[in-house]
Amino acid sequence: MFCEKAMEMIRELHRMSDGQLPAFNEDGLRQVLQEMEALYEQNQADVNEAKSFGRSDLIPSIKLRHCCLLRNQRCITAYLYDRLLRIRALRWEYGSVLPANVRFHMSAEEVQWFGQYKKSLASFMRSLGEGEGLDITQDIKPPKSLYIQVRCLKDHGEFEIEDGTVILLKKNSQHFLPRWKCEQLIRQGVLEHVVS
Amino acid sequence: MSTQSYFPVPPGVGMEENFLSLDDILLSHERLPVRTECSFPRLGFLERSSDAHDIPEGTKMELPLWLSKGLYERKRKVLSVDLPKVYKEGWRTVFTADPCVVDLHKMGPYYYGLGSQILHFDSPENSDIAQALLQTFIGRFRRTMDSSQNAYNEDTSALVERLDSLEKALFRSGQNGLNSFQSWEKGQASQLTASSLVLNYRKRKLADVQT
């Protein structure tokens, strides 16, 4: 049956329903495009034959192939679009720098798209707050205090806070830090928010 | 509770399909029994049971919903679509007798979705099918809602197992609501948590190392 490969790609994404980004299936995409090319050429040949020899009995087959073409197109578009949604989510979860193992799963065009998304988000955030800029990825949950108690979950190295003090983030050490400074590290799983 | 920033394209409502929704694409891959009303030259290889060059008129075969929908025309009959057996009279009476006992995951898992899509094909039984779908949903909804609102910190796999994909989504959002309410009551709602996406990635990385 036609369109099996495209379905396989959709299933692959659907299995990871929590928003993880699987490796870009370049091979699958190429195979689907090849199938579409073959379908198109067969259709073209049959259309010519139907026209010049008046063989209207070929029309149902042409229509069937055309449906398969449209189906493949739909699957591929949905595949690419859903991946973009996932990549956009990564910007909010990880911050502007992605870890290597995530970036590794993106195609060259997706990396480019991520860069552009980052840029437009940044220029939007700069335009807020009467010229001062506002980081809208911060404080998604309303803050109760400016400083919070955090515990390190792994060695992260040195960390500088706004007054210039350098803190060594060592595994299992506890610190009292400005909230806005560590929010992203908490999201990345480096620090843990301790609520007493 | 964790805040998620990945929102997949939602499936369409009722008879509409959402073009980019992964769920709807999977749904439209469900197979329907059809009978061809004209011959399809040069496509004999699609029918595995015969070696013929063409698909002759009157062949009974199974085609995915998207293809049946694309080929189906009211004016010029290219194919006629038969009902899958779970939507036929016999099963419909089972559903109306007690909708709660049937395992919709086995029957579907897109029982409601496929059922609404079938209404695109003019069948004399359409209004009965629509009625049966609605009554089945109403009959089961209360139970789904109750259990999603009350099963806190419990193993729900046995409950979820028998639900249709639509009901599963409803159950999940009910559970999310319950969990966030509980964490608010315990005063944990303001605690900053690691993103579940990041955590899942790390789990997988660990699994990669182990194998």
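**Figure 1. The nonpolar surface patch of chain B.** B:Phe141, B:Met145, B:Leu166 and B:Leu170 of this predicted model together make a nonpolar surface patch of about 320 Å². Patches are made of residues with over 30% relative accessible area and no salt bridge, like charges being joined within 9 Å and nonpolar side chains (Val, Leu, Ile, Met, Phe, Trp, Tyr) within 5 Å; a salt bridge is a side-chain nitrogen of Lys or Arg within 4 Å of a carboxyl oxygen of Asp or Glu, and accessible areas come from the Shrake-Rupley method with a 1.4 Å probe, where for residues only the protein chains shown count as cover. Helix 6 (126-150) and helix 8 (165-185) of chain B each supply at least two residues of the patch, helices (H or I, at least four residues) and strands (E, at least two) being DSSP runs numbered from the N terminus. B:Phe141 lies in helix 6 of chain B and, with a relative accessible area of 32%, is partly exposed, a class between buried (under 20%) and exposed (over 50%) with a 1.4 Å probe and protein chains only.

Residues are numbered from 1 along each chain as its sequence is written, and chains are lettered from A and ligands numbered from 1 in the order in which they are written. In this predicted model, local features need pLDDT of at least 70 and side-chain atom pairs count only at pLDDT 80 or more, while totals for chains, interfaces and linings use all residues; side-chain values use heavy atoms, with hydrogens and water left out.

Figure 2. Residues 90-185 of chain B are 73% helix and 0% strand, with end C-alpha atoms 49 Å apart, whereas residues 21-72 of chain B are 25% helix and 21% strand, with end C-alpha atoms 22 Å apart. The mean pLDDT of chain B, the predictor's confidence in each residue from 0 to 100, is 86, and 94% of the residues score at least 70. Among the elements of chain B, helix 1 (residues 22-27) has the highest mean pLDDT (94) and helix 9 (residues 196-210) the lowest (67). Where pLDDT is low, the predicted coordinates should not be read in detail.

Figure 3. For "domain: DNA replication complex GINS protein PSF1 C-terminal", an unreviewed UniProt entry lists residues 144-195 of chain A, a span that is 17% helix and 42% strand and has its end C-alpha atoms 11 Å apart. A:Asn172 sits in the loop between strand 3 (166-169) and strand 4 (174-178) of chain A, where this residue, although not a glycine, has a positive phi of about 70 degrees. A:Asn172 counts as exposed, at 57% relative accessibility.

**Figure 4. The loop at A:Glu130.** The loop between helix 5 (108-127) and strand 1 (147-152) of chain A holds A:Glu130, which is not a glycine and yet has a positive phi of about 50 degrees. With a relative accessibility of 82%, A:Glu130 counts as exposed. Along the sequence, chain A follows the pattern α-α-α-α-α-β-β-β-β-α-β, with six helices and five strands.

Notes
UniProt positions renumbered as here; feature names shortened; annotations may be inferred.
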